[in-house]
Every structure is written in C-alpha cells, then in structure tokens.
Amino acid sequence: MADPVRINLALQGGGAHGAFTWGVLDRLLEEEGIEIAAISGTSAGALNGAALKAGMLAGGREGARENLDWLWEQIGALDDAVLPAWMHPWLPDPGMVSKSLEYSVPYAMGEAIGRMFSPYAWGPTYRNPLERIVDKFDFDKVCTHQGPELFVCATQVRSGKIRIFTGDKISTSAILASACLPTMFQAVELPDPESGEIEAFWDGGYTGNPALFPFFEPQFPDDLIVVNINPLYREAIPVTPPEIQNRINEISFNSSLLRELRAIEFVQRLLADGAVQPGRMKDVRVHMIADDALMNELSVATKVVPVPTVIAQLKAAGRRAAGDFLSEFADDIGKRQTANLRAMFG
C-alpha cells in the first residue's frame with residue numbers, strides 16, 4: 001500500500017459559513033490516502049482546525065469527524081438524525097434565507113445598534129457567546145505537537161500586526177481572539193506570542209485569512225489546500241446598502257490571502273525562470289476548494305446568524321465540493337499544482 005500523501009490545510013474564517021469547511025473536512029477525512037500534516041486557521045477556520053486535531057488524537061479520522069459534528073451542533077447545526085438527507089431538496093434556498101435575514105427588522109435593528117453602540121457598552125454583563133463552546137475543547141490535545149501542527153491567526157490591535165498562536169500558546173482566549181469581530185465582541189487580551197506582553201487582539205482575518213507563511217518551513221509538505229469561504233469574485237456590482245457592506249467585508253477578508261498567494265506565485269516564477277536555485281525557496285503547490293456560486297448567493301447575514309438549515313446545506317455543499325475536487329485532482333496532489341495562480345493574478 002502506498003504511503004499517504006501529506007498536505008497542509010489553510011482554513012478561512014467566515015462565521016457560520018465555516019460550516020462549508022466542516023463539510024470539506026468531513027469528506028477529506030474519509031480519504032485514507034491523504035495525511036493532514038499542518039493546519040492554519042482563522043476565526044471559524046481556527047475552531048474547525050482545533051476540533052479536527054483534538055478529535056483525531058482522541059479517535060483517529062472518525063474521532064475528528066465526530067468532534068467536528070459536535071462543534072457545529074453546538075453552533076447551531078442540525079445533523080442528519082434531526083434533518084434527514086432526503087429533506088435537503090425541500091429546505092429553503094440559502095440565498096432566499098440570506099435575503100430574508102438582510103431585510104428582516106430584527107437584523108436591521110441589530111446592524112443599527114452595532115453601529116451606534118460599542119461591545120464595551122454591555123459592561124459586566126458582557127460575555128463572548130463562543131466561550132462556552134471553545135472552553136470544552138481538549139486543549140491537552142489541541143496544544144500538543146503530536147498529530148497535525150495547528151496555527152491560529154489573530155491581529156494585534158495596537159500594532160496591526162499578524163500574530164500566530166501555536167503549541168502551548170493556543171488557548172480558549174487565543175481562539176476567541178482569532179474570531180473577535182470588533183463591532184460584535186470586546187478585544188481579547190492575552191500574552192502576545194512574540195513579546196510575552198499582555199496585548200489586545202481582534203479577528204485574524206484582517207491580517208491573515210488564513211496565514212500561509214507557517215507552511216514555508218522545511219518540515220511541512222509542499223502541497224497546500226486552501227478552503228475558501230469568501231468568494232474571490234462577484235459578477236454583480238453591489239448597489240444596495242447590505243450588498244455594499246457585504247462586498248466590503250469579503251474584499252477586506254480576502255486581501256491577506258491574495259497577498260500571500262501572489263507571493264507564492266512570484267516565487268514559482270523565479271524558480272521556473274532559474275532566477276532562484278531549487279531548494280533555496282519553498283516551491284509550494286496550491287490547491288483550492290470552494291463553491292463561489294453558492295457563496296455568491298449568501299451574505300454577511302448568514303455569517304453572523306447561524307441558521308440551522310443553511311448550516312446543514314453548507315456542510316453538504318462542502319462535502320460535494322471536496323468530492324468534486326478529489327474526483328478531478330486526487331492524483332495531482334503531491335505532483336503538480338491545480339490552482340491557476342497565474343490566471344488569478346494575470
């Protein structure tokens with residue numbers, strides 16, 4: 001039996017849309033021929049990565065799938081025991097749910113309140129709603145260097161610099177920091193992994209969504225699978241206030257990923273042209289799993305409001321996207337890149 005091909009996983013943040021990544025991971029974990037060597041995650045990607053790693057160390061691939069199921073049940077997902085697969089075709093269209101949310105009175109009021117009041121206005125009654133979930137992670141397993149190496153990205157508020165938490169620096173606070181949208185949550189204060197000083201942190205999506213540079217170390221494999229949540233391209237020009245705000249959100253949270261992908265493509269050209277000797281710089285092979293058609297139907301509304309029917313459909317979409325990717329490109333992993341970065345930046 002051939003040795004499994006080793007890969008790195010880059011998991012974007014995107015609130016409840018992270019259920020798409022749940023579906024992708026659920027499908028990839030079925031492939032015995034793929035070994036996950038390292039994971040970089042931001043926001044929902046950090047939660048998915050931590051759940052996968054802890055579950056894998058507790059019970060192998062099935063343990064990882066079960067722990068991801070538990071995570072999304074906590075966030076608001078309905079599994080097939082509650083919502084059978086045969087019912088999925090009759091569920092409301094995700095785009096319809098998204099539009100309904102955007103124009104609902106409670107959502108509009110919440111948006112208005114979010115612009116008028118700071119999360120600090122809650123005073124001593126404030127609590128991050130994700131804390132009760134993240135606190136239940138088995139951090140002895142999340143923080144160990146056994147199994148896939150995990151990198152959690154956050155943004156230091158004062159300097160605006162990216163910070164990577166790994167090993168024993170990963171904690172409930174570090175994961176909450178990675179998912180800390182400043183209009184919704186108070187900044188998370190914890191020791192900076194570089195300086196050791198107590199610093200405030202916001203969502204990692206502003207500086208790394210997710211960070212790719214940790215994979216450039218020689219001990220990690222050359223193949224990198226990026227799971228995209230935020231669509232890179234939208235055909236329609238946004239014209240309504242919700243559409244404009246949504247596209248601003250997508251562009252800002254894609255910018256750091258595009259910057260790193262452009263750097264990878266530049267190094268690839270240097271190596272191909274002989275300007276850099278092989279081995280001097282890492283020749284990363286990039287693969288991407290996404291469903292931009294579906295994500296174009298959704299908006300920030302379904303990111304911040306975890307609607308169970310949408311979460312169930314996102315998981316199913318993630319499994320389909322991963323299955324389609326494997327059907328077309330499984331034999332390329334470990335041999336050649338399948339993402340066309342030159343076309344992306346041409």
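## Ring pairs and the strands around them

Eight aromatic pairs turn up in this structure. A pair here means that ring centres of Phe, Tyr or Trp (its six-membered ring) lie within 6.5 Å; planes under 30 degrees apart count as stacked, over 60 as edge-to-face and the rest as tilted. Here are two of the pairs.

| Pair | Centre to centre | Angle between planes | Type |
|---|---|---|---|
| F151 and F220 | 5.8 Å | 85 degrees | edge-to-face |
| F165 and F201 | 5.5 Å | 75 degrees | edge-to-face |

Before going on, a word on where this comes from: the model is predicted, so local features need pLDDT of at least 70 and side-chain atom pairs count only at pLDDT 80 or more, while totals for chains, interfaces and linings use all residues. Residues are numbered from 1 along each chain as its sequence is written, and side-chain values use heavy atoms, with hydrogens and water left out.

Helices (H or I, at least four residues) and strands (E, at least two) are DSSP runs, numbered from the N terminus. F151 and F220 are both buried, where buried means under 20% relative accessible area, exposed over 50% and partly exposed in between (1.4 Å probe, protein chains only).

The other pair in the table joins F165 in strand β4 to F201 in strand β6, 36 residues apart. F165 counts as buried because its relative accessibility is 1%, and F201 is buried at 0%. Elsewhere, W70, F137 and F139 are linked into a cluster by ring pairs.

β3 (residues 149-156) and β4 (residues 162-166) pair in the antiparallel sense over five bridges; two strands pair if DSSP finds at least two bridges between them. C153 stands opposite I164 in β4. In the hairpin of β3 and β4, five residues lie between the strands, and G160 takes a positive phi near 75 degrees.

Over in helix α1 (residues 18-28) you'll find R27. Is R27 buried or exposed? At 18% relative accessibility, R27 counts as buried. Leaving aside residues up to four places away in sequence, R27 touches R319, A322, G323 and L326, a contact being heavy atoms within 4.5 Å.

Zooming out, the protein has twelve helices and eight strands. Of its 346 residues, 51% count as buried. Residues 24 or more positions apart make up 79% of the contacts with a separation of 6 or more.
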